[in-house]
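I opened this notebook to record what I looked up about loop residues and aromatic rings. The entries follow in the order of my reading.

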Amino acid sequence: MIHILKNEFFHSFKSFKSIIIILFFTLTSFLTASYLSNSSLLDDQLNSGSAYTSSIKLLVFFFGFLFVFSVSHDLINRELDFQTIRLLVTKTSKFNIISGKFLGILLFWLISITISFIIISLFAHNWFMKDYFITIVFLFYIISFVTFLSTIISKPSVTMFLGILISILAPILGFWAAFSDKWFLIPFKFILPYYYVVKSNYFLIFPLLIGITFLLFSYLIFKRKDL
């Protein structure tokens, strides 16, 4: 599993899209933190962290699905499409394949987000643990969902198309459902992570549980696949 984790992690960094995303997050963090630290408008509310971390959270909440899909939409089905999966299953278990690939992508995003928060903390002289945890939980959900989608769909081109569609619809439906009581939005309220991150606190356990459920189904489906 460690070998697969390392391969997936370094594979992510080889992508031009990944480098652009990391630079975008880093530059956004630097510019936001630099502006706020030099602003005469700072008050207690800004120092609480909401202003410093707002740019990163907004990027993740609105474009998180797009970013993760653009880097990892073919996380599992890439191996199926190239027929390299047959070599992998002779060397390790299917559980290790799913776990290693998921953890490799998760580590990639952990490092990317951590770098952004380190930049912010240097300017703010504070580490905003709650906002950091919310961001990581949100990404955990997305990566779990991408892993699930890449497992049940065998064609990378299809997951790329669905990824773009979901990346557009998920933030719209998610935030709409989070602040609305309309009956037809109830499924999106409880399936998507937006309602839970808006509520925050102990509600954050639900995106984690849903993400773990996605991973569990990914493994069960992958275990039954005829390779």
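I located Ser200 in the loop between α11 (194-199) and α12; helices are DSSP runs (H or I) of at least four residues, numbered from the N terminus. The model is predicted: local features need pLDDT of at least 70, side-chain atom pairs count only at pLDDT 80 or more, and totals for chains, interfaces and linings use all residues. Residues are numbered from 1 along each chain as its sequence is written, and side-chain values use heavy atoms, with hydrogens and water left out.

I noted for Ser200 a positive phi of about 60 degrees, although Ser200 is not a glycine. Most residues other than glycine have a negative phi. Ser200 is buried at 6% relative accessibility (buried is under 20% relative accessible area, exposed over 50%, partly exposed in between, with a 1.4 Å probe and protein chains only).

I found Asn201 in the loop between α11 and α12, with a positive phi near 55 degrees. Asn201 is exposed, at 53% relative accessibility.

I then turned to the rings and recorded 32 aromatic pairs. Rings of Phe, Tyr and Trp (its six-membered ring) pair if their centres lie within 6.5 Å; planes under 30 degrees apart are stacked, over 60 edge-to-face, the rest tilted. Phe95 and Tyr219 have ring centres 5.5 Å apart and planes at 90 degrees, so this pair is edge-to-face. Phe95 lies in helix α7 (residues 94-124) and Tyr219 in helix α12 (residues 205-224), so the pair ties together parts 124 residues apart in sequence.

I also recorded Phe145 and Phe214 as an edge-to-face pair, 5.4 Å centre to centre with 65 degrees between the planes. Both Phe145 and Phe214 are buried.

Definitions and conventions: Helix = DSSP H or I, 4+ residues; strand = E, 2+ residues; numbered from the N terminus.
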